[in-house]
Amino acid sequence: MDDEALRDVQARFGGLIDQEVLDRDGLAEAAADREFEVDPALGTDEVADELSRLFRTDARLNRVLLLHEGERVAVSTRALVCGTGAEPGRPATAGAGFATAERSVLPGRSTRYRLLRFQCADGMCGTTTYASFYDDRLRPVCGSHGEMTFAGVVA
Ligand SMILES: [Zn+2]
């Protein structure tokens, strides 16, 4: 990817990314809690939805390194995606419905997050997302290929 392509990819992320980490050197050294491959087919709003879900799902995440076809392209932060007010280790935007769903599926585990990974069923797609619970009726959906496949427990 050349610099122009990198800027194009970054432009698609709009206000979701840290404007102080845009050049290659900064990206190479960037510290983050997790890497996240962004589906190139997604628009800004859809990327915002995915990141919002990711931050809601794992309260420990504060910085996520965005990958485009395996290359580091930007860093997104909880504050930029979820708004201000997020304190370290505290999911300020976790919806009540989300917590209820987790409790109903994993009784007795409400105090501990388990992060489940889902992958697009299309092997070439590479879209990955995370959820804190497994419910066959609420399986994550790839924007291009439909329902995603459970790919294991991360944490
Ligand atoms: Zn897909």
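This section describes the fold of the protein, from its overall composition to its sheets, its core and selected residues.

The structure is a predicted model. The protein contains 5 helices and 7 strands, and these elements follow one another along the sequence in the pattern α-α-β-α-β-β-α-α-β-β-β-β. Of the 155 residues in the protein, 25% are buried. Among the contacts with a separation of 6 or more, 65% are made by residues 24 or more positions apart.

The strands include an open sheet of 3 strands, arranged in the order E1-E2-E3 with mixed pairing. The edges of this sheet are formed by strand E1 (34-37) and strand E3 (71-77); each has a single partner strand, so one side of each is left without a neighbour in the sheet. From one strand to the next, the twist averages 35°. Within this sheet, strand E2 (residues 63-68) and E3 run antiparallel and are joined by 6 bridges. One of the residues involved is Leu65, whose bridge partner in E3 is Val75.

The loop between E2 and E3 contains Glu69. Glu69 is not a glycine, yet its phi is positive, at about 50°. Glu69 is also exposed, because 11 other C-beta atoms lie within 10 Å, and a residue with 12 or fewer such atoms is classed as exposed.

A second open sheet consists of 4 strands in the order E5-E4-E7-E6, and its pairing is antiparallel. Here the edge strands are E5 and strand E6 (141-142), each of which pairs on one side only. Strand E4 (residues 116-120) pairs with E5 in the antiparallel sense over 4 bridges; Gln119, for example, has Thr128 in E5 as its bridge partner. The bridge partner of Val141 in E7 is Glu147.

Although E5 is an edge strand, the residues of strand E5 (residues 128-131) are buried on both faces: Thr128 and Tyr130 point one way, whereas Thr129 and Ala131 point the other way. Thr129 counts as buried because 21 other C-beta atoms lie within 10 Å, and the cut-off for burial is 20 or more. Beyond its neighbours within four places in sequence, Thr129 is in contact with Glu50, Arg53, Phe118, Pro140 and Met148. Thr129 and Glu37 are 92 residues apart along the chain, and their C-alpha atoms are separated by 8.8 Å.

Glu37 belongs to strand E1. With 18 other C-beta atoms within 10 Å, Glu37 is partly exposed. When neighbours within four places in sequence are set aside, the contacts of Glu37 are with Leu67, Gly126 and Thr128. Glu37 and Gly70 are separated by 33 residues in sequence, and the C-alpha to C-alpha distance between them is 6.9 Å.

Among the helices, H3 (residues 44-57) has 14 residues; at 1.5 Å a residue these should span 20 Å, and the end C-alpha atoms are 20 Å apart, which agrees. The calculation uses one less than the number of residues, because that is how the expected span is defined. The buried residues of H3 include Val47, Glu50, Leu51 and Leu54. Phe55, Arg56 and Thr57, at the end of the helix, are also buried.

In soluble globular proteins, nonpolar side chains tend to be buried together. In this model, the largest nonpolar core has 23 residues. The residues with the most contacts inside this core are Phe13, Leu16, Ile17, Leu51, Leu54, Leu66 and Ala74. Two or more residues are given to the core by each of H3, E2, E3, helix H4 (78-82), E4 and E5. The largest share, 4 residues, comes from H3. At least three residues of the core are drawn from each of domain 1 (1-82) and domain 2 (112-155). Phe13 is in contact with Thr44, Val47, Leu66 and Ala74, leaving aside its neighbours within four places in sequence.

Conventions:
Residues are numbered from 1 along each chain as its sequence is written. This is a predicted model: local features need pLDDT of at least 70, side-chain atom pairs count only at pLDDT 80 or more; totals for chains, interfaces and linings use all residues. Two residues are in contact if their C-beta atoms, placed from the backbone, lie within 7 Å. Two strands pair if DSSP finds at least two bridges between them. Axes are lines fitted to C-alpha atoms, for helices over the stretch in contact, and angles run from 0 to 180 degrees between N-to-C directions. A nonpolar core is a set of buried Ala, Val, Leu, Ile, Met, Phe, Trp, Tyr and Cys residues joined through C-beta atoms within 7 Å. Domain bounds come from an automatic or database domain assignment.
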